[in-house]
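We will visit a few places in it together.

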Amino acid sequence: MGILEFLKGAARQVVTGGKAYKAWVAVLVGMMVIGLVGYANQWQGGLIATNMRDQVTWAFYIGNFTFLVGVAAAAVLLVVPAYVYHWKPIKEVVVLGELLAISALTMCLTFILVDMGRPDRLTHIMPGPGNPNWPDSMLSWDALVLNLYLMLNLVVVVHILYRAYRGQDYAKWFVVPLVLFSIPAAVGIHTVTAFLYAGMAARPYWNAGILAPKFIASAFCSGPAVMIILFQILRKTTAIEIKDEAIQKVAELMAYAMFFNLFLLGAEIFKEYYSHTEHLLYTQYLWQGIGTHKALVPYAWFSLACSVTAFLIFVTPAGRKNWTTLNIGAVLIFSGVYIEKGMGLVIPGMTPDTLGEIYEYQPSATEWMVAVGVFGMGGLVFTTLVNVAVPIMMGTLRAKGASTVPMGAEATH
Amino acid sequence: MSQHDRLPIVQDAAEGCEAAAPPSRRDFLRTAAAGAVIAAVSGCKPDAVVEELQRRHLTELSKDRLQEMLGKLEKKWSAEYGKDVKVGLRPPMPGVNFAYGLDLSRCIGCRRCVYACVKENNQSRKNPQIQWIRVLQMDKERGVSLEHATPYYNPEKVPEPGHFYMPVQCQQCRHPPCTKVCPVKATWKEPDGIVVIDYDWCIGCRCCTAACPYGARKFNWAEPKLPAAEMNPVTDYLGNRPRPMGVVEKCTFCLQRTRTGRYPACVEICPVGARKFGNLLDPESEIRQVMDRKRVFVFKEELATEPQFYYFYAT
Ligand code: SF4
Ligand code: SF4
């Protein structure tokens, strides 16, 4: 009964918004249409519509997937500093972080789906109708943990918002353990994703113990970058109060994470170039190219430049305090990690291939279209969720007769 | 041509949708919900989707179900290729463990094995072109070095001076990384040493392709093109039967032949006798003779995949 009314209220809220909101939603829907056109093309002719081939058998889709797992993980990890530093709108941070995680996970799962040769056989990976290869296959684990993590976030968010909608505080005994559990789970999803690569002895570029820590470090850069920008938008457009210090603290943490990320990168580059074994080729393909094959080189250096600049901005207090440089830094860090974790991770792992052949991969038009569509979908999920969650948190969207105290105000813990 | 021009074809040309038998009502209800979702994604008619959903892993199918399934495939392909197609599912022979030997000093790089394999095993001829054997041309000066190898050599005459040739195909590893990573157990190692794939269970995630150190696994990037006239009708379900789009395939030591005591097609065709094959458990077999008399090695030994495919230099 109550749930139904809650869903109706939420649905009404989804289509409620100002001009800017509606225009933004229209853009996102437009992106999804582009994606559908691309995917229809791929569905009809097969994955030959992409530029992946047997030499480079995973590419842009899987790169995006990997990057987004990081976003999903790190958004929730922001809960830790929120607790440690006693940020005021802690529940808002939790809710927004989880909403971002939900949208990132939707995108992750969609990217896996569009990469599959036989999406119609999706059930084969589910326990019950299918035959998941536990404990051996990392992908079967990844599918499991990503879905569990998605559920976890959905349950917590829906519970908090539903209670708030009815003017009640959330059930602490229920939410606190789940939020605490979602912290190791966030690290877990990203570790399993790293293991997907790191476990492959056939691909020396991935087959390194450093991969999982590197994934976590870079995730701590990209996830919070989105949050920083989001916080600023929200406090301009809504009544949510987010203190400057909180935002700047996030930026500071990102600087440390980026330092660690760059350090690990340096350690890897040293190892490869100094020992100069046959494994150097992959690293060389990324940073210098091999012979005339240099497709990735500009991306690699651009990504490094972004990351270093962002690090310098965030590590200096003046850079963090100035909103312009702060936002530039957030965009830079996001782009830097996007390239590093996407194309920069997947493609050199497969170039040259296991028999030494160099196939220069660049995403095809279809791949771009599908990726645009998936991001549009994720953006739409996130936008609408935030659009519903914020008024509930602020007490403006309530069940009839429920108390309209804003969510942060009713408790003092 | 814009992609819009091609869009209308998408919904209509969903091949394979017609072939499915109508499901019973109860079966339909059981899987209807999931079916609807997939049908929405696929544009396929729900009955074909339901059939796909009702499919269980090969190891869970009863004998009758298996027979029924093979019979259906025979009928479907006999009609499609206009010949009497047989689809067997021959179990491994007891007391047999296959191994392969390849004499690098004899191979002349003529690629006859590649073409014989394509013919025997019904590989897609073009777009996508699929070949289970890759012959690498290497420099004599450098020895076996992948960095200086190429599969794209096309001279008038082979062998070319200064070069030697190294054919690579599935090595039927004793510790196959490809089967370990498969999320749905669509690929596994059989007791006679052959690593097989159930093409009707594979989800096309290509984890195995990424994990295989020998580039042995090939993906059907598009609908395979197998001309009816050239189709080999003597097939095995886990071997050379026609494959659908979107799944992975690879060398199976010609199990449709070798499990009946014949040689693989590549061994038969090789004009210089560079290819040896046999049962490791039989001391008289050709492969054991090679191993006794020559010194063999395996490719990428450092990865501990322990191939059942040995290279040697006879002279
Ligand atoms: S060669 Fe590749 S495909 Fe064949 S068994 Fe080994 S890992 Fe698997
Ligand atoms: S592509 Fe097929 S056989 Fe290979 S890992 Fe994926 S499901 Fe298994």
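In helix H13 of chain A, the buried residues are A:Leu326, A:Gly329, A:Ala330, A:Leu332, A:Ile333, A:Gly336, A:Val337, A:Ile339, A:Glu340 and A:Lys341. Keep in mind that this is a predicted model. An α-helix has 3.6 residues a turn, so residues three or four places apart point the same way.

Next, a loop. A:Gln55 sits between helix H2 (19–45) and helix H3 (60–77) of chain A. Is A:Gln55 buried or exposed? Its relative accessibility is 12%, so A:Gln55 counts as buried, the cut-off being under 20%. Beyond its neighbours within four places in sequence, A:Gln55 is in contact with residues including A:Met350, A:Tyr359, B:Arg134 and B:Tyr152.

Now to chain B, which is divided into domain 1 (13–61) and domain 2 (83–315). Their contact takes six residues from domain 1 and nine residues from domain 2. About 560 Å² is buried between these two domains of chain B, and carbon and sulfur atoms give 61% of that area. One salt bridge is found across this interface, along with three residue pairs in polar contact.

Here are two side-chain pairs with their distances.

| Pair | Kind | Distance |
|---|---|---|
| A:Gln55 and A:Glu357 | polar contact | 2.8 Å |
| B:Asp198 and B:Arg55 | salt bridge | 2.8 Å (N to O) |

Notes:
Residues are numbered from 1 along each chain as its sequence is written. Chains are lettered from A and ligands numbered from 1 in the order in which they are written. This is a predicted model: local features need pLDDT of at least 70, side-chain atom pairs count only at pLDDT 80 or more; totals for chains, interfaces and linings use all residues. Side-chain values use heavy atoms; hydrogens and water are left out. Buried means under 20% relative accessible area, exposed over 50%, partly exposed in between (1.4 Å probe, protein chains only). Helices (H or I, at least four residues) and strands (E, at least two) are DSSP runs, numbered from the N terminus. Domain bounds come from an automatic or database domain assignment. Contact means heavy atoms within 4.5 Å. Buried area is the accessible area (1.4 Å probe) that two parts lose on being put together, summed over both. A salt bridge is a side-chain nitrogen of Lys or Arg within 4 Å of a carboxyl oxygen of Asp or Glu. A polar contact is a pair of N or O atoms within 3.5 Å; within protein, one must be able to donate a hydrogen and the other to accept it, and residues adjacent in sequence count only if both atoms are side-chain atoms.
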